[in-house]
Amino acid sequence: MSSKNDIVFKKESLLNTKPGQQIIKNRLFKTKGYEQFIKYQKESAIEFTKLSSKFTNDLSFLIKTDSDMYDTQQKFSDLYGSEFELESSVIDSIRSKLTNITTLSDRVSRILDSNFIKMTMPIFMALYDSASIFYDDNNSTLRENLIYGHLVAIDLSEPMDRIIDKDEDLDYLNDYKFMNPYILKLANDQISKCGNNVLREFNNGFKEAINGQKADRDLKLKHENIKSEEMDYCYKKYRAVIGTAGKNMALCRSPLGEIFYLGMAKAAECTGCGNEIEDAIRNKSIKVPSWPLYFYSLTGDVAKCFELTLKKSEIYIEEAQIALDMLPEDFSHKEFLKFLFLTVRHYNHFWYNQLKKENLQQFVAS
C-alpha cells in the first residue's frame, strides 16, 4: 500500500493475489493492524513532502560549505570503490550545477522515487512509536532525527545502485557520484544526535551493506556458477540497511532491537525478491545477479526460475514472522506488523502475476 507504482495496491490488483484478498478483508473489517497502517501511511504522506524539502536544503548546505570537495570525493571513492570516483576535471562544473537549488531538488526527487523509501517511512514511524510505548519513553526530536537519518541513509543506496547497475538515470550518474559523500555525511550527522550506540550500529550496518553491494558488483561479472552462499552474502545490502534501521528504532535496546532487526531484515530480503521480478519485467531480462538468475543457471527454465524466486521470498517472510512470535501478546503494534507483512507478500505476488503475462522466452541475462 506504499509503492511508487500505484497500480500495485489498486483494488483489482489486490483481488488477484491471496495476500491482497486478505488485505481487502482487513480493510472491510477495519482491523487494528489496518487502522494503524493507514494512520502511519497518512502521516508519512504528509512528512514525505517535508522530507524532500529538508533533504534538498541540508544537502545544498553541505555542498556549498565544503572547503575541499576534491578531498571529499576522493575519500569516498577510496573507501567504497572506484565506480564512485569522479574525473577531477568535471567536479567544479557539477558542483556549480548542483548549487542551483532547483537542479538539486530534481536529483533528490529522483532518488527519493524509491520503493524502499516509500515502503519504509511509515514502518519506521510505527517501530519507533511502539518501542516508546514498550519502554515507556518518548522524544519527538529524537524520533525526527532518527527516522530522517535512516531514510537518508537508505536513500544513499539508490544512487549507488544506479551507478553500479547503469540501468536507470544514465544522464545523472555523475551528479549522483558527486552527491554520495554528502548524503552519507548528512545521515551520519543526523544519526549521531541519537546516541553513540545508535551511531555505532548504523556505521556497522552501513559497512555490511557496502560489503553486500561489492559482492553484488563482483557477481555481475559472471552469469553462471553463482552459488547460493554468494547470493545470501550480496543480500546483505538489504538486511544490513533495513535490519539495522529497525534495530535503531528501538535505540538498540533488548529485546526489541534484536526482534526488530530480524523482522525488518527478512522482510527487506523478501521485498528484494519482488524487486528482482519487477526489474525483470521492466528490462525484459533476468537481472545479474539475482535469485532468478541463480535458479535459471541450475534449471535452464525461465518460468521455473521466477516461480522458485517467489518461493524464496515466502521463505524470507516466514522467517520475518518468527520475529512476530517473539513479541509479547499485548505488544501495541503487533497487528500493524502482521498487516505490513501481508503488503510485502502481495507486492511480490502482484509482480509475479504480471510476469506471467510476459513472453518469457525473450528473457535473457543482461
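How many disulfides does the count come to? A disulfide is taken here as a pair of cysteine sulfur atoms within 2.5 Å, and by this rule the count comes to zero. This is a predicted model, in which local features need pLDDT of at least 70 and side-chain atom pairs count only at pLDDT 80 or more, while totals for chains, interfaces and linings use all residues. Residues are numbered from 1 along each chain as its sequence is written, and side-chain values use heavy atoms, with hydrogens and water left out.

Two cysteines show how the count comes about. The closest cysteine sulfur to that of C234 is in C273, 11 Å away, which is too far for a bond. For C305 the closest cysteine sulfur is also in C273, at 12 Å, again too far for a bond. C234 has a relative accessible area of 1%, so this residue is buried; buried means under 20% relative accessible area, exposed over 50%, and partly exposed in between, with a 1.4 Å probe and protein chains only. C305 counts as buried because its relative accessibility is 0%.

M231 is found in helix α11, residues 228-234. Helices (H or I, at least four residues) and strands (E, at least two) are DSSP runs, numbered from the N terminus. M231 is buried because its relative accessibility is 0%. Leaving out residues up to four places away in sequence, M231 touches L219, I226, E276, P289, S290, W291 and Y294, where contact means heavy atoms within 4.5 Å.

Next comes the nonpolar core, a set of buried Ala, Val, Leu, Ile, Met, Phe, Trp, Tyr and Cys residues joined through side-chain atoms within 4.5 Å. The largest one has 121 residues, and those with the most contacts inside it are F55, L59, F178, M179 and F306. Among the residues that F306 touches, not counting those up to four places away in sequence, are I277, P292 and F363.

The remaining topic is empty space. Rolling a probe the size of a water molecule over the atoms shows where such space is left. On a 1 Å grid over the protein atoms alone, a cavity is a set of points where a 1.4 Å probe fits but cannot get out, and a pocket is an open set with protein on both sides within 12 Å along at least five of seven lines; lining residues have an atom within 4 Å of a point. Grid points are joined across faces, edges and corners, and a volume is the space filled by probe spheres set on the points.

A search of the whole structure finds six cavities of 30 Å³ or more. The largest cavity has a volume of about 600 Å³. It is lined by 31 residues, of which F116, E158, D161, Y238 and N275 are the closest to its centre. Helix α8 gives the most to this lining, with ten residues. The C-alpha atom of F116 is separated by 20 Å from that of M231, 115 residues away along the chain.

The largest pocket has a volume of about 280 Å³. Its lining has 13 residues, and the closest to its centre are E47, M121, E144, I147 and Y148. Here too α8 gives the most, with six residues.

The second largest pocket holds about 210 Å³ of space. Of its 14 lining residues, Q22, N26, K338, F339 and L342 lie nearest its centre. The largest share of this lining, six residues, comes from α16.
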